[in-house]
Amino acid sequence: MVDAALERPAAAGAVRKPSALRRRLQRKSTIAFLMTLPLILLIAALVIYPALYSLHLATLNKSMERFVGLSNFAFLFKRQTFWMVVKQSCIFAITAVIFKALIGFVVAHFVHNIPTKGQRKWRGMLLVPWVIPPAMSTLAWLWLFDPSYSAFNWLLAKFGVEAIPWTAEAGWARFSVILVNVWIGSPFFMIMYLAALKSVPEQLYEAAAIDGANWWQRIWYVTLPMMRNIIAITALFSLIVTFANFDIVRILTAGGPIDQTHVFATWAFWIGIQGGDIPLGAAVSLFMVPILSIAAIFILRDINRRGNEA
Amino acid sequence: MTTMKLTRRDVLVTTAAAGAALAMPHVRGAHAAGKLSMGFWDHWVPGGNKASQELVHQWAEKNKVEVTIDYITSQGNKNLLTIAAEAQARSGHDILAFPTWEPQAHAKDLEPVDDVMADLIKENGAVNQTVEYLARADNRWIAVPTCVGSQIKGPCSRIDLMKELAGIDVQAMYPPGGPPKADAWTLDAMLKAAEACYKGDHPMGIGLGQTEDNVDTAGAIFQSFGADLVDAKGEIRVKSDAVRQALEYYKKLAQWLPPDAPAWDNASNNKYLISGKASMIMNPPSAWAVAKRDAPKVAEQCWTHGMPAGPKGRYSPFLPYFLGIWNFSKNKSAAKDLLRFLGQPSSVEKMVEASQGYDLPAFEKLTTLKIWAEEGPPKGTLYHYPNPHNHQILSIAAAPAPPKIAHQIYTQAIQTKMVVRFMRGEKLEQTLAWAESELEGFMRT
């Protein structure tokens, strides 16, 4: 072990002991720290500094000349549009995560039941939506939903169905952005759930079968409890990413019609960069932090508790 | 104390070195006048960047300045991000291209250019009130209007469809080479034409979305009714009869627009024209230029002309671009000299020609360049684009509100949102109350 200092033979007598610094440097924890230091510095520069800077920005007035404390947040709380954005962000993130989890769960089961030989191909194909950069795939979706030349509407017209205002009506526009998010994000859930499924011991299913459990009971009493932690962690990660989503809404609807699809990130960009009110934009983007922190605390606490019980 | 002995050789060497040092200012090296970096708008007309590059290099060679040019796209608001980042970091280019509202948004970070503007106005004539509104802060010029990227977003009509469906001869109204005969071209006439074109399955392609093209049209129509949401003193005036009239008019117009108009972005009207569906769109000649390439039959029928007049005048959306010098620039004198050079009539003409007439100078003596009379097909289609007979007031949506408030009104697309709310059945007074609440929010300093 690196931690154990080797003793020199007593006969050596006059040989010097390793210095304190040398001993410290030889410790496992010190080496680990030094090896992670570049990453820590990178995170400090690219995550912690911007986060603190945006906190600082959120406390400035519009012209960024004086400190106004929490006035920007107080101002936001009085805005009707802000509360609409809060509602829309919640609808967008929660609905999308639920559907991603459901679809991921079902598809993971299908893939799990495919013979090992052909499974790899299916896994690869199903991951495609997740692998393509969202900005690019959303552009393709934009063409499908285009207000005037929607490919979907062209198909519907072939069956005599009236054109659907995919991005012009609030309900359809929200449906469209959620659909694209689900399409992009489901493979992540699928691959995580598939990994979890593969780690469920086969003996448990055998025991359940001997006890006379049907398909549904096997899912409910064996699969789900064994996958609970993965489901919780995946949902948490996805919730954070979905809440912070920018590209899909930005490309597909730009927040319209009449702001009815804006989420925090797109509205923050709209106000901060396009509208030239950077402090208010920073305040909008920071509003996500407490919501996600609360969600993270609850989910991680639950996982921890179950870990301890185990 | 130490004493120094100087040999004859030391004296000679020192004298030679001192002489060389004293003579240095008179030596003109390749880049004796220092360095200058600039971030220009990445032109979407092919060849547009090349013209500005050649001009800058011509100036740099003559003045011995080492120049670096970056062309920054406005796609995805990359130019706005660059401006915001450089203003925050107080570092970056010396000269930057600023779209419409950006000089006012960064007024405190910009070097005053009164001297440059005085020279250019003397040479090229006065600039219109919108340029003054957008580029003057605290009675000082903070940026210089540039033709590159500047545009008027007036109507671009289909000659055949307007004649056939609405009985309007746009070429007769706006004859090439002569002043407009457009007294009958009013908002009421446009409403009737919109109905006829809609019924003829060629609606006017006017959007009601939240992006610039949509907001610009709404702004001009509101101004034609005298419907200011906020006045020049910063007082909210949204609950006025003029605003009510503008909204009532827009509601009538909206029923004859494409049903998906509330979802339109800046590309939608261009696509609508090129598809052959639109009888009219509100756009600078870029849509026509693309049609020339992709749908020549459509392009041959396009005619760019003035806006219809309303009860309070004939307003047309004008969106100037500016070149500004950061006050943290290290070579301000060279930067000013370059801005003067780029504002020379010969430089402007070169850039306008490279853009096929898209770029628009803001100075009055430069609105009659021959390119606009000659461009086609059809020949003369761009003659009235630069407003050569001053028959319409060039303005920007949300003016005359103080620019910092107007910027918010414009970016948040308050006017088109009001129209969409009202046309979807919201009560007029409710729409006005909503707008008033939004406007109150823009009053923060």
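Start by selecting Q274(A), which sits in helix α12 (residues 264-274) of chain A; helices here are DSSP runs of H or I with at least four residues, numbered from the N terminus. Q274(A) is buried, with a relative accessible area of 11%; buried means under 20%, using a 1.4 Å probe and protein chains only. Now show what Q274(A) touches: R250(A), F269(A), N77(B), L80(B), H407(B) and T411(B), leaving out residues up to four places away in sequence. Touching, or contact, means heavy atoms within 4.5 Å.

A quick note on what you're looking at: this is a predicted model, where local features need pLDDT of at least 70, side-chain atom pairs count only at pLDDT 80 or more, and totals for chains, interfaces and linings use all residues. Residues are numbered from 1 along each chain as written, chains are lettered from A and ligands numbered from 1 in written order, and side-chain values use heavy atoms, without hydrogens and water.

Next, select helix α20 (residues 428-441) of chain B. Its buried residues include L428(B), W434(B) and L439(B). Among the elements covering them are α3 (71-77) and α4 (80-113) of chain A.

From there, hop to M418(B), whose contacts beyond four places in sequence include L229(B), L247(B) and W434(B).

M418(B) is also among the residues with the most contacts inside the largest nonpolar core, which has 146 residues. Such a core is a set of buried Ala, Val, Leu, Ile, Met, Phe, Trp, Tyr and Cys residues joined through side-chain atoms within 4.5 Å. Last, color helix α11 (residues 241-254) of chain B: α11 gives the most to this core, with 8 residues.

Technical notes:
Buried means under 20% relative accessible area, exposed over 50%, partly exposed in between (1.4 Å probe, protein chains only). Helices (H or I, at least four residues) and strands (E, at least two) are DSSP runs, numbered from the N terminus. The expected span of a helix is 1.5 Å times one less than its number of residues.
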